[in-house]
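Dear colleague,

I am passing a structure on to you with this email, and my notes on what was found in it follow directly below. Please read them with the structure open beside you.

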Amino acid sequence: MAVDAANNEYVFWEGANGALMEAWWTGTWNGPANLGSYSGHMGSAPSAGVSSSQQNVWWQGTDGNLYEAFYNESTGQWTGPMSLGLGHLDSQPGATDAGGGQFVFWDRGGDLIEAWYSGAWQTTDLGGGPIASAPSVAVDPTTGGQWVFFDGQGGGGVFDGVYSGRWQPGYVGGGASPSSPSATSPGGEVDAFFQGTDGYLYEWRHTSSWQGAYGYPIGPV
């Protein structure tokens, strides 16, 4: 799922026969729309980022590489799928659009890998591991900071990597998670949600410091 600056919502998933599906909210729900059969290409759930001019969707292909499809708002056309040729992924990617750039994160051998696009794709190993889940990404619209969350090796709690001019890996807090965290930032606050080992929904929340883990009596999830 991705949200643009106008608060329109875009949801992507893999449908039957490997098709990439989309539903979107612009005051009412639209879709679902079949964006094409990518059978043989989709090896994970998709992750999306949107800007004022483009929708971008990434996933791990069945060959382990990073794939992308994108929608150009000015032409009204989808392009892809295409392999970006950036090496093997060991997890589903987590992605976002921020500040005019595209940023994709994944696990490779227990390290956090980042790919970003600014005219050409580049990658770097951010370390920060070992990690044991797919990463989830949020961008604080107030500060422009990027936050990447993942489960520590063996369910050792929720960890993060924060970029505000340079990368700073950190430990959010305990609360063993058998699932990948899911992150969002409504502005001035960052929230990371995860499934606890008891199957219920938990949250860590950051304003000036981390607070949590808050448990919610909805579940099991």
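Trp147 is buried, because its relative accessible area is 11%, where buried means under 20%, exposed over 50% and partly exposed in between, computed with a 1.4 Å probe on protein chains only. This is a predicted model, in which local features need pLDDT of at least 70 and side-chain atom pairs count only at pLDDT 80 or more, while totals for chains, interfaces and linings use all residues. Residues are numbered from 1 along each chain as its sequence is written, and side-chain values use heavy atoms, leaving out hydrogens and water.

Phe149 and Trp210 form an edge-to-face aromatic pair, 5.7 Å from centre to centre and with 85° between the planes; rings of Phe, Tyr and Trp (its six-membered ring) pair if their centres lie within 6.5 Å, and planes under 30 degrees apart count as stacked, over 60 as edge-to-face and the rest as tilted. Phe149 lies in strand 14 and Trp210 in strand 20, so this pair ties together parts that are 61 residues apart in sequence; strands are DSSP runs (E, at least two residues), numbered from the N terminus. Phe149 is buried at 0% relative accessibility, whereas Trp210 is partly exposed at 21%.

Elsewhere, Asn34 sits in strand 4 (residues 29-37) and counts as exposed, with 53% relative accessibility. Asn34 touches Ala19, Leu20 and Met21, not counting residues up to four places away in sequence, where contact means heavy atoms within 4.5 Å.

Best wishes

Conventions
Helix = DSSP H or I, 4+ residues; strand = E, 2+ residues; numbered from the N terminus.
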